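Please read it with the structure open.

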Amino acid sequence: MVEYIHSLLDFRRLRATQKIALSFLAVILIGTILLMLPIAHHNGERYPLIDALFTATSATCVTGLVVDVTLSEFTLFGQLVIMGLIQIGGLGLMTLMAVFVLLLKSRLSMHESMAIKEMLNQDKVIDLRHFLMDLLKYTLVFEGIGMALLCVRFIPEYGGLLGIFKAMFISISAFCNAGFDIIGANSLMPYAHDPLVMLTIMALIVLGGLGFAVWFDLRDKIKQLWQRKLSFHKVYSSLSLHTKIVLVMTSFLIVTTAVLILLLEFSNPDTIGHFQPWEKGLSALFESVTLRTAGFASLNYNALRLATQFLMILIMFIGGSPGGTAGGIKTTTLAVLVIYVISNLRSQANTVLYRRTISREIIIRAMGIFFMNMLVLLLGIFFLCIFEEHGFVALAFEAASALATVGLSLGITASLSIGGKIVIILLMFIGRIGITTFVLSIVSHRSHTEHQVVYPNGNIIVG
């Protein structure tokens, strides 16, 4: 144990997973200190430690759960701190530090490169410098376009500087899938009937949730199409297997969830029952997108039907896609598991998708991610049931929202006890860095011997 603690003090000797976990933890602690300052609050008083830690974790882990309304509680300084935490948390501190290092020198060390690849879920990045610079560039471009579109609505409503700041804050929050806003206590409900605001935020959420590798794959193929190196009907077939799965699963989940929400809430007078037909479709689509770890709300979630709330828990658990700003078990994990089950039911020797065989290692990793996340979620719900007296559905919703870094709630976040807040903080942290990274960062590393003992097969009756 002493050796493990000593190794943590030497950052250079840390494994990539430990560097990732500690980098997020460092940002959270700095954010906590800044948010505790009286200058960060309208009442000019020191913010409670547990609430500052909760808010800093929620912002850094791009979740969006809050104990106090961001607009009414925090001053401009506090809002700037939260916005900075969201941006750092969305891209990752180590990613931003690597970009800064690359601006000062030509290359990263081997250990730095390994840590960045681990954080970005990129196993085969050839030119890491080019990849990181493109990542930063496209992030700024997407957030800038979103900000400009939101300014069209916010500047006439709030004035020049305030409208620009609100547009910038929400654009960054949406792209990073954070769910924080500075509109008011009702989140985006005032804009539930506004196509410009809703569609802009939806586009930012989807772009942030697709993953960086998907962006660049699409960019390269579109560029080849523009240069007439590829025909239009060959663009899709030339995409990587990862990109195809992400696009198909993202489209399927968004459309299917939107249709189910529309059907379940169509006649609910407390949600979308009184909306115009096109507004019902827009709201259902927005909720379907925001469930993918974004956390903005355009409806009163307490008024949703029980079946809708249960559906939302399932969708939040799935989350977005790897390599981006989204949380959850990820769309690719679900796709691999579904294809694996179908292949087994058909008695197929291999798991094949788009004429590509999914390796056994990937299938095992997907299973591990699914079951570890499920275990952590159940444990989180269990401990919340110990500390809190709210209804089971509300607690399950809160836990799923925290672990998947979504930020939606049935209105119980502010009333959580200290024990409940600590549980949610841990779930948010684990959900952001990833369950695999979290486990590997705390488990001591032991080298495997080249020749391992192989024992006889054992027979177990299952099912």
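1. Helix H14 is mostly covered, with 10 of its 14 residues buried, where buried means under 20% relative accessible area with a 1.4 Å probe and protein chains only. The buried positions include Glu-279, Lys-280, Glu-287, Leu-282, Phe-286 and Val-289. Helices here are DSSP runs of H or I with at least four residues, strands are E runs of at least two, and both are numbered from the N terminus.

2. This is a predicted model, in which local features need pLDDT of at least 70 and side-chain atom pairs count only at pLDDT 80 or more, while totals for chains, interfaces and linings use all residues. Residues are numbered from 1 along each chain as its sequence is written, and side-chain values use heavy atoms, with hydrogens and water left out.

3. The buried residues of H14 pack against helix H10 (195-210), helix H13 (241-265) and helix H15 (306-318); a contact means heavy atoms within 4.5 Å. The end C-alpha atoms of H14 (residues 277-290) are 20 Å apart, in agreement with the 20 Å that its 14 residues should span at 1.5 Å a residue, the expected span being 1.5 Å times one less than the number of residues.

4. Helix H5 (residues 76-91) has 16 residues and reaches 23 Å from its first C-alpha to its last, close to the expected 22 Å. Among its buried residues are Gly-78, Gly-89 and Gly-90, and H5 is followed by Gly-92, whose phi is positive, near 95 degrees.

5. For the chain as a whole, there are 20 helices and 2 strands, and buried residues make up 52% of the 463 residues. Among contacts between residues at least 6 apart in sequence, 71% join residues at least 24 apart.

Methods
Buried means under 20% relative accessible area, exposed over 50%, partly exposed in between (1.4 Å probe, protein chains only).
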